[in-house]
Amino acid sequence: MRAIEDIQQGIAVYEEQIKQTKEFNTHDFIQYMEPYFVRHGYRTAMPESPRNILIIHDAGVGDFINLSPCLRAIRQHYPLAHIVLVLFPRALALAEACPYVDEVIPNLRQCDWNDFLSLYEWNQGFCAKLLPYHFDLAFVFPHYGSAVQLAYLSGAKERVAYDISRVQKSTFWHGVIPYDVVEPFINRPVSYQEKNSHSCERYLGVLDGAWGERVNDRSLEIWCQPADLAKAKAVLADWIQAATPLYAVIMGGQGAFNHWPPEKYAELVVWLLHDYPAMRFVLLGGGAADEQEVSRFLTAYRALEGDETKLRNFVSCLTYCESAAVMDYCEAYIGNDTGNMHMAAALDKPVLMPCCYPAEFPIGPDDVSAVFYPWQVPAVFVQPANALPECRPKRSEHGCCSLYEAHCICQVEVRAMRQGFEILRERCQRGENSLLCINQEQVL
C-alpha cells in the first residue's frame with residue numbers, strides 16, 4: 001500500500017502544479033512520474049508470458065458487444081494470464097458473464113470527458129484500484145482520452161493502442177482532449193488502418209497490429225448465465241412449445257434522433273400480423289425512455305385494434321442478459337439503432353431498422369452507418385430520401401443533426417419498412433450477411 005500511496009501522492013503534487021499554471025505537458029508529466037513507477041517495480045521488463053493483463057474499454061453496450069472478438073482473442077493468446085477488464089457500467093451485466101476475463105471493474109466516469117483537470121483528478125483516485133495488479137500489459141480500446149491516460153497511471157509496463165495521432169476525430173474518438181496530450185502515454189503504438197470502418201474491425205486492428213498477424217475468428221459473442229436462459233424459457237414457454245415464429249421489436253435507445261415513432265411501429269406490427277397471422281412479437285428494452293416509447297406503442301396498437309395476445313411487453317422487466325436469452329428465440333430484430341441491435345447481431349439475428357441517415361448523403365467511413373451497423377448478419381436499413389431542410393446544410397456523422405428529437409427519421413414510412421421486411425427475408429434466403437441501405441423512394 002505504501003507504493004500506491006507514494007504514486008498517488010506524486011500525482012497529487014503534480015495536480016497542484018496544473019492548477020497553478022493551467023497547463024499540462026504530457027512529456028513533462030511522464031518524466032516526473034517515471035521515477036515513482038521505477039522505484040516501486042512497475043518498470044521492470046515485461047515477461048515473455050504476461051501474468052496480469054489490463055483491458056480498458058470506455059463506451060456503451062453496443063460497442064462492448066463489438067469488442068467481444070478481441071476479448072476472446074486476448075484470452076486465447078494469453079491462456080494463463082489474469083485478465084482484468086475496466087469498462088463503463090452500462091455493459092457491466094454482459095461483461096460479468098464473459099468467460100474470457102477474470103475480473104471486471106466498472107469505471108463510473110469514463111465517458112464524455114472534456115475537462116482535463118477533472119479527468120486527471122478522477123484517474124488519480126481510480127488508479128489505486130489498478131496499481132496492486134502490477135500489470136505487465138494493457139490493451140486500450142479508447143473512445144476518450146481518459147482511457148489512454150488511465151492505462152499509463154495503472155502502472156502497466158507495456159500499453160498497446162492505436163497511434164492516436166493518426167486517428168481522425170470522428171465517431172470513434174470523442175471529447176475535446178487533443179491527441180498530442182494523450183498520445184505519449186502509449187509506448188506500444190499500433191498503426192491505424194483507415195480501411196477498417198466497422199468498430200469491430202477497428203478494435204481487432206489493435207490486436208492485428210500488436211501481434212503481427214490477423215485474428216482469424218472475428219465473430220461476435222454474447223454470454224448468458226443458466227438463470228437467464230431459464231427465465232427466457234419460462235416467459236416464452238407456450239410460444240416455444242407451439243413453435244411460433246417470434247420477432248423482437250425494440251424502440252427507444254440512446255439518441256432521440258434514432259427514435260422512429262412508436263405509433264409507426266404499432267402500425268407496422270398490425271400490418272405484419274395481417275399478412276403473417278402466425279407471427280408473435282416481443283417488446284424489449286429498459287429505462288424510462290423505453291418505457292415511454294412502449295406506452296405510446298401500446299396506446300396506438302390498441303387504437304388500431306391490434307391483437308394483444310400476439311405480443312408480450314418485456315420492457316424494463318428483464319435484465320440485459322435475460323433479454324439476450326429471449327432474443328435468441330426470435331427470428332429477427334425489428335427496431336431502432338440501439339445496443340440491442342448489436343446484441344441481435346451477436347446472436348446471428350437479421351436486422352430491420354428505420355434509419356435517420358438520409359439517402360441523399362453518401363456514407364463515409366467515419367459515419368455512424370459505416371462504423372456501427374450490425375456485424376456479419378443480413379441487415380436492411382430503410383432511409384428517408386432526403387434530409388429535412390435544417391439538417392441539409394449541417395450534415396453530421398449521424399446524417400440527421402437534430403440529436404435531441406426524432407427528426408429526419410420520422411420521414412421513414414411504414415409501408416417502406418413493410419417492403420424492407422420482405423427484402424430482408426429475401427436476403428436471408430440468399431445468405432447475404434451484409435448491410436443494405438435502402439432509399440425508401442425506391443421501394444414505395
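# A guided look at rings, pockets and cysteines

Visitor: Hello! Over the ring of which residue does the charged end of R312 sit?
Guide: Welcome! Please keep in mind that this model is predicted. The charged end of R312 lies 3.9 Å from the centre of a ring, and that ring belongs to W239.

Visitor: And over the face of which residue does R39 lie?
Guide: Here the distance from the ring centre is 4.8 Å. The ring also belongs to an aromatic cluster, whose members include Y14, F29 and Y32. The residue under R39 is Y36.

Visitor: How many aromatic pairs does a search of the whole structure find?
Guide: A pair of aromatic rings is described by the distance of the centres and the angle of the planes. Searching the whole structure in this way gives a total of 23.

Visitor: Why is the pair of F37 and Y42 called edge-to-face?
Guide: The ring centres of F37 and Y42 are 5.9 Å apart. F37 is buried, with 0% relative accessibility, and Y42 is buried too, at 1%. Planes over 60 degrees apart count as edge-to-face, and the pair gets that name because its planes stand at 80°.

Visitor: How many residues apart are Y78 and W211?
Guide: The rings of Y78 and W211 form an edge-to-face pair, with centres 6.1 Å apart and planes at 65°. Y78 sits in the loop between α3 and β2, while W211 belongs to helix α8, so the pair links distant parts of the chain.

Visitor: Is W211 buried or exposed?
Guide: Buried means under 20% relative accessible area. W211 has a value of 17%, so W211 is buried.

Visitor: Which helix gives the largest share of the lining of the second largest pocket?
Guide: The second largest pocket has a volume of about 170 Å³. Its lining includes Y247, Y276, F421 and C428, and the residues divide into eight nonpolar, no polar and two charged. The largest share, four residues, comes from helix α16.

Visitor: How much space lies in the largest cavity?
Guide: The count of cavities of 30 Å³ or more comes to two. The largest cavity is lined by 14 residues, with N258, D337, C355, V368 and S369 nearest its centre. That lining has nine nonpolar, three polar and two charged residues. The space in the largest cavity is about 90 Å³.

Visitor: How many disulfides does the structure hold?
Guide: A disulfide is a covalent bond between the sulfur atoms of two cysteines. The cut-off for the two sulfur atoms is 2.5 Å. The number found in this structure is zero.

Visitor: Which cysteine has the sulfur nearest to C400, and how far away is that sulfur?
Guide: C400 is buried, with a relative accessible area of 0%. C400 is in no disulfide, and the nearest cysteine sulfur, 3.7 Å away, is that of C408.

Terms used
Residues numbered from 1 in each chain as written. Predicted model: local features only at pLDDT ≥ 70, side-chain atom pairs only at ≥ 80, totals over all residues. Heavy atoms only, no water. 1 Å grid on protein atoms, 1.4 Å probe; cavity = no way out; pocket = protein on both sides within 12 Å on 5 of 7 lines; lining within 4 Å. Points joined across faces, edges and corners; volume = space filled by probe spheres on them. Nonpolar A, V, L, I, M, F, W, Y, C, P; charged D, E, K, R; others polar. Helix = DSSP H or I, 4+ residues; strand = E, 2+ residues; numbered from the N terminus. Phe/Tyr/Trp six-rings, centres within 6.5 Å; stacked < 30°, edge-to-face > 60°. Buried < 20%, exposed > 50% of the residue type's maximum accessible area, 1.4 Å probe, protein only. Lys NZ or Arg CZ within 6 Å of the ring centre and 35° of its normal.
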